[in-house]
Amino acid sequence: MVPVARAAILETIEDGVVVVDVYGRIVDVHGRPISGAKVEIWQCDANTRYHHIDDRNDAQPDENFQGYGFTASDADGRYRFRTIKPVKYPGRTPHIHFRVTGTGNVELTTQMYVRGEPGNESDGIFRSLGDLRDEALAAFVASDDDSAALMARFDLVIA
Ligand SMILES: [Fe+2]
């Protein structure tokens with residue numbers, strides 16, 4: 001069964017779709033876990049389309065991609081999503097949007113970027129992060145789960 005699953009993923013990679021598990025922890029400034037936070041992500045599909053009504057991009061939407069998801073952090077502050085490796089779209093380097101709410105009065109909205117992506121340094125929004133750029137980068141590495149190609153850890157600090 002395992003080789004079959006791997007083969008299926010390799011086929012989809014040829015179409016520009018790379019299955020990735022994005023995971024991490026929601027913590028406070030002291031590194032203490034925040035449980036029960038709502039974690040939302042959204043990103044464009046592999047065809048560069050966002051699945052919302054304001055996307056003027058005329059690329060064909062990938063109807064098999066949800067485009068948005070949410071979960072809650074567990075008792076140790078952990079969250080996990082199965083999604084696709086973000087792709088670049090006109091004017092932007094690859095990124096995944098994040099919003100964390102339900103942690104009191106503080107709401108965090110940010111973007112996760114791909115470490116080593118050549119387009120990062122020419123992306124105005126990424127560059128505007130200045131000294132915080134490194135904290136917005138996640139390393140996409142080979143997954144230890146045969147049902148995903150890559151995994152990427154992204155911890156979020158709620159200040
Ligand atoms: Fe975006």
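Modeller: Two strands count as paired if DSSP finds at least two bridges between them. The strands themselves are DSSP runs numbered from the N terminus. This is a predicted model, and on that basis the open sheet has five strands in the order 3-2-5-6-7, with mixed pairing. Its edges are strand 3 (68-72) and strand 7 (137-138), each of which pairs on one side only.

Strand 5 covers residues 95-103 and strand 6 covers residues 106-114; the two run antiparallel and are joined by seven bridges. In general, strands of a sheet pair through backbone hydrogen bonds, either parallel or antiparallel.

As for the rest of the chain, there are ten strands and two helices. Read from the N terminus, the elements follow the pattern α-β-β-β-β-β-β-α-β-β-β-β. The chain is as compact as a globular protein of 159 residues, because its radius of gyration of 16 Å is close to the 15 Å given by the globule rule. The C-alpha trace spans about 45 × 40 × 30 Å along its principal axes.

Two further values describe the packing. Of the 159 residues, 24% count as buried. Among contacts in the chain with a separation of 6 or more, 64% are between residues 24 or more positions apart.

Conventions:
Residues are numbered from 1 along each chain as its sequence is written. This is a predicted model: local features need pLDDT of at least 70, side-chain atom pairs count only at pLDDT 80 or more; totals for chains, interfaces and linings use all residues. Helices (H or I, at least four residues) and strands (E, at least two) are DSSP runs, numbered from the N terminus. The radius of gyration is taken over C-alpha atoms; the globule rule is 2.2 Å times the number of residues to the power 0.38. A residue is buried if 20 or more other C-beta atoms lie within 10 Å of its own, exposed if 12 or fewer, and partly exposed in between; C-beta atoms are placed from the backbone. Two residues are in contact if their C-beta atoms, placed from the backbone, lie within 7 Å.
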